[in-house]
Amino acid sequence: MKSFFSNGSIVLLVILLSTICLVAEAQQCRPSGKIRGRKAPAGQCNKENDSDCCVAGKMYPTYTCSPPLSGSTKAYLTLNSFEAGGDGGGPSECDNKYHNDNTPVVALSTGWYNHGGRCHNNITISANGRSVVAMVVDECDSTEGCDADHDYQPPCPNNIVDASKAVWKALGVPKDNWGGLDITWSDA
């Protein structure tokens with residue numbers, strides 16, 4: 001029986017497959033480091049919307065990347081207040097302003113936030129059989145946390161769309177189920 005591939009073709013095929021595997025591996029997002037949790041001073045961690053406060057000594061992963069984007073990127077929706085005094089901490093990164101929670105606005109994990117490249121762009125969020133368009137106004141920081149600037153909350157995971165109450169309402173999620181939901185999103 002005659003071989004379909006020559007020795008040279010086999011070598012090229014192995015190189016090609018190896019390159020494809022390396023590219024696929026490079027597209028995965030792995031932790032870039034860890035930070036040690038610090039206990040917040042009394043009254044300094046806002047637990048509105050069931051936000052977590054850092055635990056002293058606990059190690060939290062950090063990320064400089066987020067999963068690759070697709071036409072319908074899987075993510076995890078969390079609840080955030082973008083108002084002054086809310087659990088979102090300081091003003092939004094995109095415009096240094098606070099935003100009304102009755103407006104559909106979001107913060108994206110660091111990789112998806114793309115150094116502000118999505119600021120004031122709209123994204124479409126789909127879940128629960130519905131879709132809503134929301135504006136990106138902030139970064140859900142995946143590289144830092146457990147400090148005053150981050151309301152003594154841990155770094156965001158790398159797959160978060162942190163949304164105002166308006167987004168949750170538009171998706172028709174019952175209020176007692178607000179807080180965490182598997183979604184898909186795309187640039188609008």
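The lining of the largest cavity divides into three nonpolar, six polar and two charged residues, where Ala, Val, Leu, Ile, Met, Phe, Trp, Tyr, Cys and Pro count as nonpolar, Asp, Glu, Lys and Arg as charged, and the others, Gly among them, as polar. This is a predicted model, in which local features need pLDDT of at least 70 and side-chain atom pairs count only at pLDDT 80 or more, while totals for chains, interfaces and linings use all residues. Residues are numbered from 1 along each chain as its sequence is written, and side-chain values use heavy atoms, with hydrogens and water left out.

**Cavity**
- The structure holds one cavity of 30 Å³ or more (on a 1 Å grid over the protein atoms alone, a set of points where a 1.4 Å probe fits but cannot get out, whereas a pocket is an open set with protein on both sides within 12 Å along at least five of seven lines; lining residues have an atom within 4 Å of a point).
- The largest cavity has about 50 Å³ of space, and its lining residues include Phe82, Glu83, Tyr98 and Asp138.

**Pocket**
- The largest pocket has a volume of about 810 Å³, a volume being the space filled by probe spheres set on the points, which are joined across faces, edges and corners.
- Of its 33 lining residues, Cys140, Gln153, Pro154, Cys156 and Asp162 lie nearest the centre.

**Threonine 78**
- Threonine 78 is buried, with a relative accessible area of 16% (buried means under 20%, exposed over 50%, partly exposed in between, with a 1.4 Å probe and protein chains only).
- Threonine 78 touches Asp162 and Trp168, among others, not counting residues up to four places away in sequence (contact means heavy atoms within 4.5 Å).
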